[in-house]
Amino acid sequence: MMMKVVIATHNKDKLKELKKGLSQLNIDLLDLSCFSEVGEIIEDGKTLEENALIKAKEVFRLTGLPSIADDTGLEVDALNGKPGVFTARFAGENCSYMDNVNKMLKVMKKIKTSDRGAVFKTVIAFFDGKKELLSIGEVKGMIATEKKGLGGFGYDSIFYVVNEGKTFAEMTIEKKNIISHRGNAIKNLTPKLKSYLETNIKEIA
Ligand code: IMP
């Protein structure tokens, strides 16, 4: 029997990327649409690691099933690594993706090309009530001077990947998943989850 694992996010865009990225693993991936008891989870950790674990643990507590959560931050060189853990609330509480993008374009307006470097980071946490697994993924890029592309979500339209000559919003989800912070975090989690699943299946047998 396949192990059921809940993807602990209400964000439909993240869910799509996580589902695609984790689809090769031998697990039955569920999402929060099956669990109306899970409301918004307060992310009050000081780091991406803490927030990813808060979400995975809370969803485990409420569903009783192993859970996977992702927390993501954008670290901009010219802003001394900000917004980092505050990436979702960069333009204020309850702001939209576009509010954040517009604020980023505004604060970066006078910054010259060579100083527009940024890193997207994702931490993925898995929790089954006892065992914690953590993985990190990063991608380097630049903050573009204007929005480009219609795909993706969040800051994708202004996150420019130099080697590709494109923003994330100009890529397919498959391409983004190969090179992105989240894709890299999934790649790093995969061997850990595989060996966890092997041990677990042996224990059940
Ligand atoms: P959180 O992990 O849900 O706290 O997300 C942090 C912020 O980063 C949110 O504003 C997201 O919209 C944004 N974000 C997360 N992942 C991505 C991504 O892959 N591309 C662009 N923006 C993202």
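User: Asn80, is that one buried or exposed?
Analyst: Exposed, with a relative accessible area of 73%. Keep in mind that this is a predicted model.

User: Where does Asn80 lie?
Analyst: In the loop between β3 and β4.

User: And what is its phi, for Asn80?
Analyst: Phi of Asn80 is near 55°, which is a positive value in a residue other than glycine. Most residues other than glycine have a negative phi.

User: What about phi of Asn94?
Analyst: Also positive: phi of Asn94 is near 55°. Asn94 sits in the loop between β4 and α3 and is exposed, at a relative accessible area of 79%.

User: Which residues does the cis peptide bond join?
Analyst: Lys82 and Pro83, with omega about 0°. Pro83 is in strand β4. As background, most peptide bonds are trans.

User: Staying around there, where is Thr87?
Analyst: In the loop between β4 (82-84) and α3 (97-107).

User: Buried or exposed, Thr87? And why that word?
Analyst: Thr87 is buried, because its relative accessible area is 5% and the cut-off for buried is under 20%.

User: What does Thr87 touch, leaving out residues up to four places away in sequence?
Analyst: Thr72, Gly73, Leu74, Asn100 and Tyr155. Take Tyr155: Thr87 and Tyr155 are 68 residues apart in sequence, and their C-alpha atoms are 9.4 Å apart in space.

User: OK, the ligand. How many residues surround it, and which are the closest?
Analyst: 17 residues surround the ligand, and the closest are Lys14, Thr72, Asp156, Lys176 and Arg182.

User: Start with Thr72. What lies 2.8 Å from the ligand oxygen there?
Analyst: A backbone N or O atom of Thr72. Thr72 is also one of the residues that Thr87 touches.

User: And Asp156, how many Å from the ligand nitrogen?
Analyst: 2.6 Å, counted from an N or O atom in the side chain of Asp156 to a nitrogen atom of the ligand.

User: Which atom of the ligand does Lys176 have at 2.8 Å?
Analyst: An oxygen atom; on the protein side it is a polar side-chain atom of Lys176.

User: How much of the ligand's accessible area does the protein cover?
Analyst: 93% of the 490 Å² that the ligand has on its own.

User: Which pocket is the space taken by the ligand?
Analyst: The largest pocket. The elements giving two or more residues to the shell around the ligand are β3 (67-76), α3 and α5.

User: Which of them gives the most?
Analyst: β3, with three residues.

User: Let's do α5, then. What about His181, buried or exposed?
Analyst: His181, which lies in helix α5, has 2% relative accessibility and therefore counts as buried.

User: What does His181 touch, neighbours up to four places away excluded?
Analyst: Thr72, Phe120, Lys121, Thr122, Gly137, Glu138, Val139, Phe168 and Lys176. Among them, Thr72 and Lys176 are listed with the residues closest to the ligand.

User: Why is Pro191 at 49% not called exposed?
Analyst: Because exposed needs over 50%, and Pro191 is at 49%.

User: Switching to α1. Which of its residues are buried?
Analyst: In helix α1 (residues 12-22), they are Lys14, Leu15, Glu17, Leu18, Gly21 and Leu22. Lys14 is also listed among the residues closest to the ligand.

User: Which residue caps the N-terminal end of α1?
Analyst: Asn11, with a side-chain oxygen 2.9 Å from the backbone nitrogen of Asp13.

User: Last one, Thr63. Which helix?
Analyst: Helix α2, residues 48-63. Thr63 has 17% relative accessibility, so it counts as buried.

User: What does the side chain of Thr63 have at 2.7 Å?
Analyst: The backbone oxygen of Val59 lies 2.7 Å from a polar atom of that side chain. Leaving aside neighbours within four places in sequence, Thr63 is in contact with Val6, Phe35 and Val38.

Technical notes:
Residues are numbered from 1 along each chain as its sequence is written. This is a predicted model: local features need pLDDT of at least 70, side-chain atom pairs count only at pLDDT 80 or more; totals for chains, interfaces and linings use all residues. Side-chain values use heavy atoms; hydrogens and water are left out. Helices (H or I, at least four residues) and strands (E, at least two) are DSSP runs, numbered from the N terminus. Buried means under 20% relative accessible area, exposed over 50%, partly exposed in between (1.4 Å probe, protein chains only). Contact means heavy atoms within 4.5 Å. A residue is near a molecule or strand if one of its heavy atoms lies within 4 Å of it. A polar contact is a pair of N or O atoms within 3.5 Å; within protein, one must be able to donate a hydrogen and the other to accept it, and residues adjacent in sequence count only if both atoms are side-chain atoms. Accessible areas come from the Shrake-Rupley method with a 1.4 Å probe; for residues, only the protein chains shown count as cover. On a 1 Å grid over the protein atoms alone, a cavity is a set of points where a 1.4 Å probe fits but cannot get out, and a pocket is an open set with protein on both sides within 12 Å along at least five of seven lines; lining residues have an atom within 4 Å of a point. A molecule sits in a cavity or pocket if more than half of its atoms lie within 2 Å of its grid points.
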